[in-house]
Amino acid sequence: MPHNTLLSPITVGDLSLRSRVLMAPLTRSRSKQPGDIPWELNAEYYAQRAGAGLIISEATQVSPRGKGYAFTPGIFTDEQVAGWKLVTDAVHERGGSIVLQLWHVGRISHTDLQPGGEAPVAPSALRAQTQTYTSHDSGMVDVSEPRALETHEIPTVVDEFRHGAQCAKDAGFDGVEIHGANGYLLDQFIRDGSNHRTDDYGGSIVNRCRFPLEVVDTVVGVFGAGRVGYRISPTGEFNSMADSTPAETFGHLARELSARGLMYLHVVEAFAGGERQEPVLEPLRAAFSGEGRGGVYLGNGGYTPDSAEQRLTDGLADAITFGTMYIANPDLAERVARGGPYNEPNRETYYSGTAVGYTDYPALGKD
């Protein structure tokens, strides 16, 4: 199948992108220690993938309390800013564009990863039935029981996102994506399965979306709306997530994000092996990019180049983010243009911590 639409340019907010083949955020657990600092290995990895229409960086914690997995990078210290500057410089030198994904894991953490061994924070004191990774020795362990954020603490967390956005700007990123998906803190507030609060941040859909939208507003104050995207996973159950009315909940959020003029809405439409639930996706797609709105909708979730091309020509997305395919194919956009071939990823090296399975996948014409 020709991939003419997938390979065509697109304007996304303030950014002009060479194609609609975008790189999804991929946690790879390879920051330098101590300090969760990006370094030369990360710069090489991202530079290899600079041919993407846009790179969305791996999830990056905005504060020490926002950390949920060992060896993931941060964006709140001077050393981390300097490390990320290596990355953005390397990508820009190859003509690429890159935004940073701002992340707070909320309850998906462990006391071993929290400052002073404290409990992770969440909208409500509800423990997720999932696991995390705290060290090479521990392997996967059950997440810890969280404590509910006090109402007066929420502005502090909002400011952590503002500080993370400012640090991303100082590091040379072209914009930021706010991580509101996959069961992390902002997603925990939005969905009624994880938010049992009775204050202004719980109960109704409007209240549950209040904190995420406060984060959006403070980040827009740093970058401008045309350089801020938002990621959601409205039907995802990963990390013990559920919502009783996902179409209504995320439709409201999409309308609010659209009204703020964000550069894109990035939707995890399905997880591995799952189906795209169109009754949920269609209302929020219309709410964000409907008539008179013009927002860019990014689809994500198990796409191949052929299925991505079909999705675009059917008008069900404006661009597609590829995750797994970008792990093994640093020059994915060029391979799409040539019709392949495609390298297969080695899952055993996804989080190995070394260059193996990270920067050693060959580009076309290389051994």
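Reader: Which residues have the most contacts inside the largest nonpolar core?
Author: Phe 211, Tyr 230 and Phe 322 do, in a core of 81 residues. This is a predicted model.

Reader: What does Phe 322 touch, leaving aside neighbours within four places in sequence?
Author: Its contacts are Leu 6, Val 21, Leu 22, Met 23, Ala 24, Tyr 303, Thr 304, Pro 305, Ala 308 and Leu 332.

Reader: And what does the second core include?
Author: That one is separate and has 13 residues, among them Leu 22, Met 263, Tyr 264 and Val 296. As a general point, nonpolar side chains in soluble globular proteins tend to be buried together.

Reader: Confidence next. What is the mean pLDDT of the chain?
Author: The mean is 96, and 98% of the residues reach 70 or more.

Reader: Where is confidence lowest, and where highest?
Author: Helix 8 (residues 278–289) is lowest with a mean of 90, and strand 5 (residues 98–103) is highest at 99.

Reader: Glu 269, then. Where is it found?
Author: Glu 269 is in the loop that runs between strand 12 (264–268) and helix 8.

Reader: Is Glu 269 buried or exposed?
Author: Buried: the relative accessible area of Glu 269 is 0%.

Reader: What polar contact does the side chain of Glu 269 make with Tyr 303?
Author: The two side chains make a polar contact at 2.5 Å. Tyr 303 also has the charged end of Arg 276 over its ring, 3.9 Å from the centre. Glu 269 is in contact with Arg 276 as well. Beyond its neighbours within four places, the contacts of Glu 269 also include Thr 235, Tyr 297, Asn 300 and Arg 311.

Reader: How far apart are Glu 269 and Ser 233?
Author: In sequence they are 36 residues apart, and in space 6.5 Å, C-alpha to C-alpha.

Reader: Back to rings. Which residue lies over the face of Phe 223?
Author: Lys 169 does, at 5.9 Å from the ring centre.

Reader: How many aromatic pairs are there?
Author: The count comes to 10. One of them is Tyr 45 with Tyr 358: the centres are 4.1 Å apart and the planes are at 10 degrees, so the pair is stacked.

Reader: Where do Tyr 45 and Tyr 358 lie?
Author: Tyr 45 is in helix 1 (residues 40–48) and Tyr 358 in the segment after helix 11 (332–338), so the pair ties together parts 313 residues apart in sequence. Both Tyr 45 and Tyr 358 are buried.

Reader: Why is the pair of Tyr 69 and Tyr 184 edge-to-face?
Author: Because the planes of Tyr 69 and Tyr 184 are at 80 degrees, with the ring centres 6.4 Å apart, and planes over 60 degrees apart count as edge-to-face. Tyr 69 lies in the loop between strand 4 (55–61) and helix 2 (78–93), and Tyr 184 in the loop between strand 10 (176–179) and helix 4 (185–190), so this pair ties together parts 115 residues apart in sequence. Both Tyr 69 and Tyr 184 are buried.

Reader: Last one: what does Asn 239 touch?
Author: Not counting residues up to four places away, Asn 239 touches Tyr 69, Arg 107, Ile 108, Ala 128, Thr 130, Asn 182, Gly 183 and Tyr 184. A polar atom of the Asn 239 side chain lies 2.9 Å from the backbone oxygen of Asn 182.

Reader: Where does Asn 239 lie?
Author: In the loop between strand 11 (228–232) and helix 7 (246–259). At 3% relative accessibility, Asn 239 counts as buried.

How values were computed: Residues are numbered from 1 along each chain as its sequence is written. Side-chain values use heavy atoms; hydrogens and water are left out. Rings of Phe, Tyr and Trp (its six-membered ring) pair if their centres lie within 6.5 Å; planes under 30 degrees apart count as stacked, over 60 as edge-to-face and the rest as tilted. Helices (H or I, at least four residues) and strands (E, at least two) are DSSP runs, numbered from the N terminus. Buried means under 20% relative accessible area, exposed over 50%, partly exposed in between (1.4 Å probe, protein chains only). A charge sits over a ring if NZ of Lys or CZ of Arg is within 6 Å of the ring centre and within 35 degrees of the ring normal. pLDDT is the predictor's confidence in each residue, from 0 to 100. A polar contact is a pair of N or O atoms within 3.5 Å; within protein, one must be able to donate a hydrogen and the other to accept it, and residues adjacent in sequence count only if both atoms are side-chain atoms. Contact means heavy atoms within 4.5 Å. A nonpolar core is a set of buried Ala, Val, Leu, Ile, Met, Phe, Trp, Tyr and Cys residues joined through side-chain atoms within 4.5 Å.
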